[in-house]
Every structure is written in structure tokens, then in C-alpha cells.
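Work through the exercises below with the sequence and model at hand. Each task is followed by a solution in steps.

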Amino acid sequence: MIASPTPASLYEVLRVRTNASQTEIKSAYRSLAKLHHPDASSSSEAESDGREFIEIHNAYATLSDPAARAMYDLSLSGRVQFDRGISAVGFRPNGFYSTRRWETDQCW
């Protein structure tokens, strides 16, 4: 498998305009997820390790959340630094945090 260059923005990952609506983002995510999901890919294609799907999912997780999208848009303008490696589900003043919360870590 030949590695393709990393897209410059999350909008390019989902192949939408920067001013796309939530409906357009969701539609683009669903169509790309169907194509790149490791369980849905046909056997004739080269084996996928799921990296494309993970990148698509992370882009959707950020762009579908209005607060995370606003922070990401600011990072594109150079005003705020955005870490693409962290899931952008919630926002705190010091940056983004993952979906893990103390309630989900309990063993009950």
C-alpha cells in the first residue's frame, strides 16, 4: 500500500468545504465510512489496517461538534494550536480531552 500525503485539514479528509453545514459533514462522513471501514472493504482491495477510517472518524468527531469545530477553525487561522492526535469530544480551557470520564472508569 502506498502512503498518501496527509491532508492539510480535517475538511480535506472529509472532502467538504470549510463552510459546509452539519448535514453535509454527516453525509460526507457516512459515504466515506462505507468506503473505508475495514469490515466493509471488499477482498479485491489491498488489506486496509483501518488508518483511513480512523482519520475520517477523527475528522468527523471534531467537525460535528460545534465547539470543537470552532476551536479547529481558529487553529487554521493560526490563533490557537490544535492537536489532531487527541479526540475532540469536549473542551476545557487547557485544550481538548477524550471521552473517558471517571464515571466510565468505575467497575460497577
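Helices (H or I, at least four residues) and strands (E, at least two) are DSSP runs, numbered from the N terminus. The model is predicted, so local features need pLDDT of at least 70 and side-chain atom pairs count only at pLDDT 80 or more, while totals for chains, interfaces and linings use all residues. Residues are numbered from 1 along each chain as its sequence is written, and side-chain values use heavy atoms, with hydrogens and water left out.

**Exercise 1. Describe the protein chain as a whole.**

Task: state which secondary structure elements the protein chain has, and in what order they run from the N terminus.

Solution. 
- Step 1. The protein chain has four helices and two strands.
- Step 2. Read from the N terminus, the order is α-α-α-α-β-β.
- Step 3. Buried means under 20% relative accessible area, exposed over 50%, and partly exposed in between (1.4 Å probe, protein chains only). On that scale, 28% of the 108 residues of the protein chain are buried.
- Step 4. Accessible areas come from the Shrake-Rupley method with a 1.4 Å probe, and for residues only the protein chains shown count as cover. The protein chain has an accessible surface of about 7900 Å², and carbon and sulfur atoms hold 53% of that.
- Step 5. A contact means heavy atoms within 4.5 Å. Among contacts in the protein chain with a separation of 6 or more, 52% join residues 24 or more positions apart.

**Exercise 2. Classify the aromatic pairs.**

Task: find how many aromatic pairs the structure holds.

Solution. 
- Step 1. Rings of Phe, Tyr and Trp (its six-membered ring) pair if their centres lie within 6.5 Å; planes under 30 degrees apart count as stacked, over 60 as edge-to-face and the rest as tilted.
- Step 2. The structure holds two aromatic pairs.
- Step 3. Tyr-11 and Tyr-72 form a tilted pair, because their ring centres are 6.1 Å apart and their planes stand at 50 degrees. Tyr-11 belongs to helix α1 (residues 10-14) and Tyr-72 to helix α4 (residues 66-76), so this pair ties together parts 61 residues apart in sequence. Both residues, Tyr-11 and Tyr-72, are buried.
- Step 4. Tyr-29 and Tyr-60 form a stacked pair, because their ring centres are 4.2 Å apart and their planes stand at 10 degrees. Tyr-29 is part of helix α2 (residues 22-36) and Tyr-60 of helix α3 (residues 51-63), so parts 31 residues apart in sequence are tied together. Tyr-29 and Tyr-60 are buried.

**Exercise 3. Locate the largest nonpolar core.**

Task: determine which residues have the most contacts inside the largest nonpolar core.

Solution. 
- Step 1. A nonpolar core is a set of buried Ala, Val, Leu, Ile, Met, Phe, Trp, Tyr and Cys residues joined through side-chain atoms within 4.5 Å. In soluble globular proteins, nonpolar side chains tend to be buried together.
- Step 2. The largest such core has 17 residues, and Leu-14, Val-16, Ile-25, Tyr-29, Ile-56 and Leu-63 have the most contacts inside it. Helices α1, α2 and α3 each supply at least two residues of this core.
- Step 3. Apart from neighbours within four places in sequence, Tyr-29 is in contact with Leu-14, Phe-53, Ile-56, His-57 and Tyr-60.
- Step 4. Ala-61 lies in helix α3 and is buried because its relative accessibility is 17%. The C-alpha atoms of Ala-61 and Tyr-29 are 9.7 Å apart, with the two residues 32 apart in sequence.

**Exercise 4. Account for the charged side chains.**

Task: which side chains meet in a salt bridge, and which side chain of opposite charge is nearest to Arg-69?

Solution. 
- Step 1. A salt bridge is a side-chain nitrogen of Lys or Arg within 4 Å of a carboxyl oxygen of Asp or Glu. The count by this rule is one salt bridge.
- Step 2. Arg-17 and Glu-24 form the salt bridge, at 3.6 Å from N to O. Glu-24 is partly exposed because its relative accessible area is 33%.
- Step 3. For charge, Lys and Arg count as positive and Asp and Glu as negative; His and the chain ends are not counted. Arg-69, in helix α4, is buried yet has no salt bridge, and Asp-73 is the nearest side chain of opposite charge at 4.2 Å.
- Step 4. Beyond neighbours within four places in sequence, the contacts of Arg-69 include Tyr-11, Ile-25 and Leu-63.
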